[in-house]
Amino acid sequence: MTQTADPQPRVPAPLDEIKIGGMGASRRRVEDNRFIRGKGNYFDDVVLPGMLHMEVLRSPMAHARIKSIDASKAWEIPGVRLVLTGEALATRNLGWMPTLSYDTQAVLATDKVRFQGQEVAAVIADDPYIAKDAVTAIQVEYEPLPPIVNPEQAMAPDAPIIRDDKLGQSDNVVFDWEVGDKTGTEEAFSEADVVSRVKLHYPRSHPSPLEACGAIADYDRATGKLTVYLTTQAPHIVRAAVALIAELPEHQIRIISPDLGGGFGNKVPVYPSYVVAIVASILTERPVKWVEDRTGNLISTGFGRDVYLDGQVAMRKDGRILAVKMNTLSDHGAFFGDAQPSKFKIGLMHSAFAAYDIPYAHLAARGVYTTKAPAVSPTDAPSGSPRRCSSRSG
């Protein structure tokens with residue numbers, strides 16, 4: 001058989017004609033269509049038959065002993081189905097819940113409040129307006145305690161112990177951590193031609209998503225199954241936490257995370273109001289909906305940063321880095337709820353030792369409790385680790 005040459009040899013088509021996208025290529029957005037037509041499915045779009053509504057009473061004080069809570073007037077308001085306090089939850093062993101960093105956090109305050117905006121009581125009623133009115137009828141008597149608003153105050157010798165609920169907690173320190181070759185680092189600094197030092201405060205910031213937090217808990221006693229519609233960025237973590245708190249097996253719990261109106265890390269933690277809504281649904285055997293208002297979101301949900309940094313670099317005159325020292329002091333608020341619960345407590349500082357030839361380093365970090373809302377991420381996710389270093393956790 002005789003083969004003839006192709007009169008027009010095939011030439012590979014340019015990538016932009018093949019429509020293969022790569023770095024820098026323009027991509028058509030595929031998710032916009034239903035949103036611009038008003039067809040999004042957000043949390044507040046969910047309405048279940050027989051649904052009740054929950055409102056939360058928050059503390060106006062940053063640090064105070066709770067002397068008494070009188071909810072009798074709230075119970076008398078027509079349409080109120082349930083009033084929950086920390087004491088009521090404690091009788092069911094639900095006064096405290098775990099955080100993502102293996103700490104504990106009050107669901108509803110029992111002994112005292114530890115930050116302004118902390119959840120103190122909740123009302124479940126036929127509609128949200130009745131619930132809001134009933135919350136204002138709850139009378140709480142507080143005994144003010146000194147607030148602590150920064151790490152310096154927290155570490156003062158005469159500072160009040162914020163987490164006096166924890167056995168053996170004799171100060172306000174959450175953790176002490178260090179990693180690196182301290183001896184080698186000090187020797188390198190002694191041989192340096194130049195030492196550069198910087199002290200910075202990375203201030204506390206709030207993600208402030210357009211949509212605040214919310215939950216609809218629907219417990220079916222007949223099947224023993226719990227369905228929760230939740231504004232969460234971490235449904236699997238929430239399911240595990242709920243299983244521990246509600247004492248339900250994970251396969252009986254379904255967490256549904258619909259379209260979110262922003263999150264930015266603010267919707268990763270398990271918030272006390274999620275737990276209260278679940279308990280309320282179990283007790284009332286009705287779906288219970290809680291929608292956070294803007295004030296509640298700003299004063300009580302997960303913050304980021306609030307870290308004080310003291311960094312030093314030892315260098316030769318030719319610009320070569322010999323060693324690095326870094327000390328950080330992070331404000332974690334009243335409960336240690338960091339959503340990045342690894343052993344690395346100094347965050348992205350680790351990246352420097354994966355990208356640059358730095359012979360010696362010593363990094364140290366301390367976290368402290370203050371009377372602020374819990375921080376969700378004072379330290380960012382680590383990347384890499386210091387060369388020639390060994391770790392020791394405190």
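Mentor: Helices (H or I, at least four residues) and strands (E, at least two) are runs assigned by DSSP, and they are numbered from the N terminus. Histidine 53 is the part to begin with, and this residue sits in strand 1, which covers residues 52-58. Two remarks on the source come before the details. Residues are counted from 1 along each chain as its sequence is written, and side-chain values rest on heavy atoms, with hydrogens and water left out. The model is predicted: local features need pLDDT of at least 70 and side-chain atom pairs count only at pLDDT 80 or more, while totals for chains, interfaces and linings use all residues.

The term pLDDT stands for the predictor's confidence in each residue, on a scale from 0 to 100. The protein chain has an average pLDDT of 89, and 89% of the residues score at least 70. Residues 381-394 have a pLDDT below 50, although this stretch has 42 contacts in the model beyond near neighbours in sequence. Where pLDDT is low, predicted coordinates should not be read in detail.

Back to histidine 53. Buried means under 20% relative accessible area, exposed means over 50%, and partly exposed lies in between (1.4 Å probe, protein chains only). With a relative accessible area of 18%, histidine 53 is therefore buried. A contact means heavy atoms within 4.5 Å. Once neighbours within four places in sequence are set aside, histidine 53 is in contact with residues including Val123, Ile124, Ala125 and Asp126. Asp127, Pro128, Ala131 and Lys289 are also among its contacts.

From one strand residue we can go on to a sheet. Strands of a sheet pair through backbone hydrogen bonds, either parallel or antiparallel. Two strands count as paired if DSSP finds at least two bridges between them. An open sheet is formed by three strands in the order 6-2-8, with antiparallel pairing. Strand 6 (112-113) and strand 8 (139-144) are the edge strands, each pairing on one side only. Strand 2 (residues 64-70) is joined to strand 8 by six bridges. Across this pairing, isoleucine 66 faces tyrosine 142 of strand 8, and isoleucine 69 is opposite valine 140. Strand 2 is paired with strand 6 over two bridges; here arginine 65 has lysine 112 as its bridge partner.

A salt bridge is a side-chain nitrogen of Lys or Arg within 4 Å of a carboxyl oxygen of Asp or Glu. The structure holds 27 of these. One of them is between arginine 221 and glutamate 285, at 2.8 Å from N to O. This pair links distant parts of the chain, 64 residues apart: arginine 221 is in the loop between strand 11 and strand 12 (225-230), and glutamate 285 in the loop between helix 9 (272-284) and strand 14 (288-291). Arginine 221 is partly exposed because its relative accessible area is 45%, and glutamate 285 is partly exposed at 48%.

Another salt bridge joins aspartate 306 to lysine 372, at 3.0 Å from N to O. These two are 66 residues apart, aspartate 306 in the loop between strand 15 (303-304) and strand 16 (307-315), and lysine 372 in the loop between strand 18 (360-368) and strand 19 (375-377). At a relative accessible area of 2%, aspartate 306 counts as buried.

Aspartate 318 and arginine 316 also meet in a salt bridge, at 2.9 Å from N to O. Aspartate 318 is exposed at 56% relative accessible area, whereas arginine 316, at 37%, is partly exposed. Salt bridges that share partners also form one network of Arg65, Asp103, Asp111, Lys112, Arg114, Arg163, Asp164, Asp165 and Lys166.

Most residues other than glycine have a negative phi, and most peptide bonds are trans. Asparagine 93 has a positive phi, near 60°, and lies in the loop between helix 4 (86-90) and strand 4 (96-98). Its relative accessibility is 64%, so asparagine 93 counts as exposed. Serine 208 also has a positive phi, near 50°, and its place is the loop between strand 10 (194-202) and strand 11 (214-220). Serine 208 is partly exposed, at 36%.
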